[in-house]
Amino acid sequence: MSTTEASITIPKLQGEPAEKKMVGRSVKPRKDVPLLKGAGIFTDDIKLPDMLYAAFVRSPYAHARIKRIDASRALQLEGVVWVLTGREAARQLVSWMNKPGLRTPERLSLAKEKVRYVGEPVAAVAASSRAIAEDAVELVEVEYEPLPVVVDAERALEAEAPLLYEDWGDNVLYREEFRSGGTEMAFKEADLVVSERLVSHRYSPTPIETRAMLADYDKEKDTLQVWASTQFPHVLRTFLAQVLDYPENRIRVIAPNVGGGFGIKSAVFQDEVSVVILSMKLGRPVKWYESRNEHMLTAGHERQQVHYIDCAVKKDGALLAVRDRIVADFGVSGTFWTEVQPAMLTAASLPGPYKLRNYDFDLLCVVTNKAPCGPHRGFGRPVAAYVMERMMDIIARKLEMGPEEIRLKNMIDVKDMPWTTPIGVLYDTGNYKDVLNRTLTISNYHELRKEQARLRKEGKTLGLGLATYVEYTAPGSGRLQGPLGWSVGGWESCRLTADPSGKVTAQLGMSGQGQAHETIFAQIISDALGVNFEDVRVMEGDTQQAPYGWGAWASRATVTTGGACIRASRKLRDKVLLIAAHLLKEAPDDLDFKGSRITSKRDARKAVSFQEVADVAIRFSGRLPQGVEPGLDLISFYEPESPTTCSYATHLAVVAVDAETGFVNLLKYFIVDDSGVIVNPMTAHGQVHGALAHGIGGAMFEELFYDGEGQLLSSTFVDYLLPTASVMPEVVVDSIETPSLTLGGFKGLGEGGAIPTAGAIANAIDDGLSEYGVKLLELPITPERVYSLITTRER
Amino acid sequence: MNPKSFEYHAPKSVAEASSLAEEYGMDAKFLAGGQSLIPLMKLRLLSPSHLIDLGRIPGLSYIRDEGNHLAIGAMERIAEIARSDLVRKQCPILSQCAHQIADPLVRNMGTIGGNLSHADPTNDMPAVMVAAGASIVAASGQGSRVIPAGDFFVDTFTTALKGTEILVEVKMPIGPTRRGAYLKLERQAGDFGIVGVAAVLEMSSDGRCVAAGIALTGVGPTVVKATRAGEILKGVELDKNTIDRASRAAAEEAQPSGDLRGSAEYKRAMVEVMTSRTIQAAARRQAER
């Protein structure tokens with residue numbers, strides 16, 4: 001880890017300990033040992049008395065009218081309690097997004113009149129075991145009238161295309177236009193206009209734990225308790241209250257251990273709502289866990305877009321303007337709650353780290369007969385980085401410039417920070433050129449170029465691919481509720497409670513899925529409060545205990561919750577110092593608080609333990625100074641003050657290509673990132689490595705492939721290929737730390753590793769095969785795709 | 001992901017297993033390592049009402065050196081074959097193939113008998129058996145018979161076994177003049193191959209190829225024996241021109257169909273590339289004992 005000179009210094013926290021103790025240390029994650037021993041409790045591990053199991057009848061057709069559902073044979077099967085259909089109870093899954101021109105598709109908990117994708121839930125069976133429920137699913141008779149199917153978004157725009165929602169008159173879910181003003185002129189001034197059609201495919205993040213839900217409606221108490229594999233328990237609670245029209249203060253949502261989310265679990269799907277409806281109808285606990293097959297049919301489909309992009313450049317490589325027409329394939333709809341945002345974010349992220357002043361885009365979000373488009377680690381940005389970074393390389397080759405040269409030529413200078421992009425996104429802090437140059441240094445880039453030339457003489461292909469991006473993380477309410485039109489807050493919460501024994505519990509509105517929150521937030525609190533790390537316990541995921549929060553998405557947890565932890569710690573610290581000052585007969589400002597001990601700065605012999613102060617605050621409250629309330633228990637909220645903060649990185653992929661087979665071997669992969677202040681380098685790098693694996697999977701292996709009838713052909717891991725250890729390259733991660741303007745100086749990092757990966761790998765392959773004159777424009781980069789590019793050019 | 005309910009049988013002898021199969025006919029399936037059958041049942045693509053587990057029959061797991069062949073019991077796990085020093089020394093192609101099958105979890109459970117009986121055209125073992133001219137021993141209550149590997153694989157998921165017959169042993173020819181290799185073009189370890197090629201060469205002391213067996217994985221309804229490719233190699237020195245001609249012949253003999261792993265054209269082209277690489281790899285090998 002290296003630290004470059006910060007472009008902006010953060011103000012010192014008041015009363016902050018002189019030396020940082022815990023933040024910056026690679027503390028081992030607290031949860032790892034129990035999880036690795038198999039002692040973790042996940043939703044499917046929970047069993048309640050009298051519990052029923054749900055299974056779903058799903059549509060085998062991509063588009064059909066439901067003529068008739070006959071559940072009588074299923075109901076006769078021993079152990080079957082009920083079969084719920086859309087006609088009996090279907091609830092519309094509400095939307096929290098309100099944008100002019102954004103349409104509201106029918107999105108019912110169970111399809112009622114029509115199914116629109118293969119796998120759409122049509123009926124829900126509740127039975128005494130999952131196996132019986134699955135047997136009953138096969139006995140439910142559904143009569144369908146198949147309708148014409150449209151699976152390609154560009155075809156869906158044609159006049160005679162089948163309509164998913166007849167009353168719309170077309171298949172356009174959302175349309176957005178943006179014009180900078182100077183674009184037309186810039187194209188006239190250009191020495192060169194480079195235009196391409198770039199295609200990104202549909203794939204899914206595949207967390208190791210699929211979705212799961214256990215709903216327990218208690219008829220006597222009239223309460224609803226829900227255990228869910230979710231990234232946002234509080235949001236789920238509010239959503240369920242709205243969808244079911246049921247009082248929110250009678251709902252408790254618990255996210256137990258969650259085996260990865262990666263976006264999918266910041267969505268709510270039809271089947272999950274149906275599980276709750278079943279429990280409320282039957283007055284019994286109902287559990288549903290998703291099979292992998294169901295998961296592939298339903299969850300986390302994203303990134304299927306076609307870009308028609310034009311770039312106006314000068315001979316020296318200066319990028320004058322970009323015009324992009326984006327057709328984003330949303331399947332039947334967006335999901336609650338992100339709706340069309342993945343594609344909006346692609347459009348917003350396209351300018352990347354470049355000083356681009358003229359940028360026009362036309363975004364068309366189109367519905368097709370495929371599963372809904374939900375959030376997926378990277379969230380629209382990987383497509384933006386792929387398109388922009390491919391274009392940089394394509395332009396560089398036309399101008400006979402090096403890929404590093406054209407990027408350095410166009411990157412925003414540190415002196416121009418903060419920078420506002422044409423669409424109004426603010427880049428707060430950072431040094432993009434520094435990070436790119438550092439990538440070249442740690443990779444010995446210029447040596448690699450020589451090696452490439454040497455190998456080429458031996459007939460071997462080595463390719464180097466650069467890609468970079470800027471990711472705005474942790475968006476604030478101003479952006480969420482303004483340009484995004486979203487009823488979502490950008491803040492987070494922390495409730496800090498000390499007990500008489502001097503231990504501290506933090507209840508967070510945040511909810512993690514394996515990001516080591518229990519460890520890193522304890523590190524932050526330990527430093528900001530002055531209490532020993534071991535004495536801080538961090539808890540998340542229970543709406544009955546934790547204050548409201550929005551969950552882990554948009555690489556926001558460390559930034560927002562980290563800030564809330566600092567703010568709550570400071571408040572609690574102030575009170576502790578007030579009490580300690582009274583006990584020690586000192587002024588609060590003259591006291592030091594660290595290592596769970598409060599000491600006089602002037603006389604080290606005058607000291608009191610945090611435990612004693614806590615005991616005074618609670619059990620011996622008679623010793624409190626006058627006017628000080630008893631207890632050490634408070635809540636703080638924090639939202640970043642700057643509109644947003646941006647992390648960024650440069651990736652360099654080094655690949656070998658077997659020109660006879662089209663096989664690509666990832667040899668080495670370099671990442672230099674700037675995610676602001678790093679709380680725990682070990683867990684941070686773990687996330688970068690994991691995200692990189694996600695990115696590699698998407699670039700080269702994973703594809704949700706639909707045939708012309710809307711049947712998903714890659715619905716198991718036999719056909720949906722995930723990257724394994726055997727394809728992972730040697731990875732070198734390095735960081736610089738430019739603090740953000742947020743309270744802790746943090747920037748987000750959970751998604752970054754997955755963002756420019758496809759761009760870097762595609763650029764590397766293209767670079768390696770430059771002698772064949774190939775141009776990779778479509779993802780994923782399968783061996784056959786590479787092979788046919790080579791052979792087509794050879795012919 | 002639960003299979004339909006079924007009745008489970010655990011016979012203690014081949015004869016008992018065979019008579020159960022006779023009793024339940026088409027409703028029954030033999031269970032060996034379960035690495036193909038159980039997933040198919042969980043996906044409900046296959047729902048036999050009776051499962052006859054061969055795992056409790058004693059004496060079906062062994063690897064024996066019988067002089068001119070290795071005798072391998074049907075219930076021998078793939079992982080054991082991959083680990084076996086005897087196999088590595090006497091029959092490297094089999095060792096090489098075992099190492100490339102699926103992943104360690106599957107290899108730990110999967111058996112050679114199950115692998116062959118399942119007759120999945122993308123399974124790797126059949127090509128090795130066909131290229132090497134192995135024999136397969138089938139037994140029932142009425143006795144046993146030997147089926148040449150070349151006649152064993154009839155069609156996709158279909159073998160020459162009768163409903164009451166159980167594959168009990170594989171006889172894999174070995175000898176000082178035989179050299180074999182199995183190469184698989186797979187997108188990553190653990191995946192099914194796009195194509196796989198097995199080549200077994202019989203070499204004379206003066207470096208000529210006396211006989212050659214070439215067989216292909218994943219490019220037909222079942223394993224494809226590339227007979228013409230083998231004939232081109234017979235009785236000649238293995239120079240580049242010969243290998244190229246044999247590889248082109250193998251590509252012509254392949255009957256690929258397109259799927260998510262590649263189009264028919266791509267697979268055919270890859271048969272040519274991989275056949276060439278496999279013949280060269282086999283020729284480079286030291287004598288197999």
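Predicted model: local features only at pLDDT ≥ 70, side-chain atom pairs only at ≥ 80, totals over all residues.
Residues are numbered from 1 along each chain as its sequence is written, and chains are lettered from A and ligands numbered from 1 in the order in which they are written. Local features need pLDDT of at least 70, side-chain atom pairs count only at pLDDT 80 or more, totals for chains, interfaces and linings use all residues, and side-chain values use heavy atoms, with hydrogens and water left out.

**Exercise 1.** Describe the interface of domain 2 of chain B and domain 3 of chain B.

*Solution.* 
1. Chain B is assigned domain 1 (7-56), domain 2 (63-173) and domain 3 (178-288); such bounds come from an automatic or database domain assignment.
2. Domain 2 of chain B contributes 27 residues to the contact and domain 3 of chain B contributes 25 residues, where contact means heavy atoms within 4.5 Å.
3. The two domains of chain B bury about 2100 Å² between them, 56% of it from carbon and sulfur atoms. Buried area is the accessible area (1.4 Å probe) that two parts lose on being put together, summed over both.
4. On the domain 2 side, B:Gln100, B:Pro121 and B:Ala131 supply 24% of the area buried against domain 3 of chain B, more than any other three residues.
5. One salt bridge is found across this interface, a salt bridge being a side-chain nitrogen of Lys or Arg within 4 Å of a carboxyl oxygen of Asp or Glu. B:Lys184 and B:Asp124 form a salt bridge with an N to O distance of 3.0 Å.

**Exercise 2.** Describe the interface of chain B and chain A.

*Solution.* 
1. In this contact, 22 residues of chain B meet 30 residues of chain A.
2. The chains bury about 2200 Å² between them, with 53% on carbon and sulfur atoms.
3. Within chain B, the residues that lose the most area to chain A are B:Arg187, B:Gln188 and B:Leu260, together 32% of what that side buries.
4. Seven salt bridges cross the interface of chain B and chain A. A:Asp719 pairs with B:Arg261 in a salt bridge, the closest N and O atoms being 3.3 Å apart.
5. Helix α12 (residues 264-284) of chain B gives the most to the side that touches chain A, with five residues; helices (H or I, at least four residues) and strands (E, at least two) are DSSP runs, numbered from the N terminus.

**Exercise 3.** Are A:Arg202 and A:Asp329 buried or exposed, and which parts of the chain does the pair link?

*Solution.* 
1. The closest N and O atoms of the A:Arg202 and A:Asp329 salt bridge are 3.5 Å apart.
2. A:Arg202 lies in the loop between β8 (192-200) and β9 (212-218) of chain A, and A:Asp329 lies in strand β14 (residues 319-329) of chain A, 127 residues apart.
3. A:Arg202 is buried, because its relative accessibility is 1%. A:Asp329 is also buried, at 4% relative accessible area. Buried means under 20% relative accessible area, exposed over 50% and partly exposed in between (1.4 Å probe, protein chains only).

**Exercise 4.** Characterise the salt bridge of A:Lys606 and A:Glu586.

*Solution.* 
1. The side chains meet at 3.0 Å, N to O.
2. A:Lys606 is in the loop between β23 and β24 of chain A and A:Glu586 in the loop between α16 and β22 of chain A, so the pair ties together parts 20 residues apart in sequence.
3. A:Lys606 is partly exposed, with a relative accessible area of 28%, whereas A:Glu586 is buried, at 10%.
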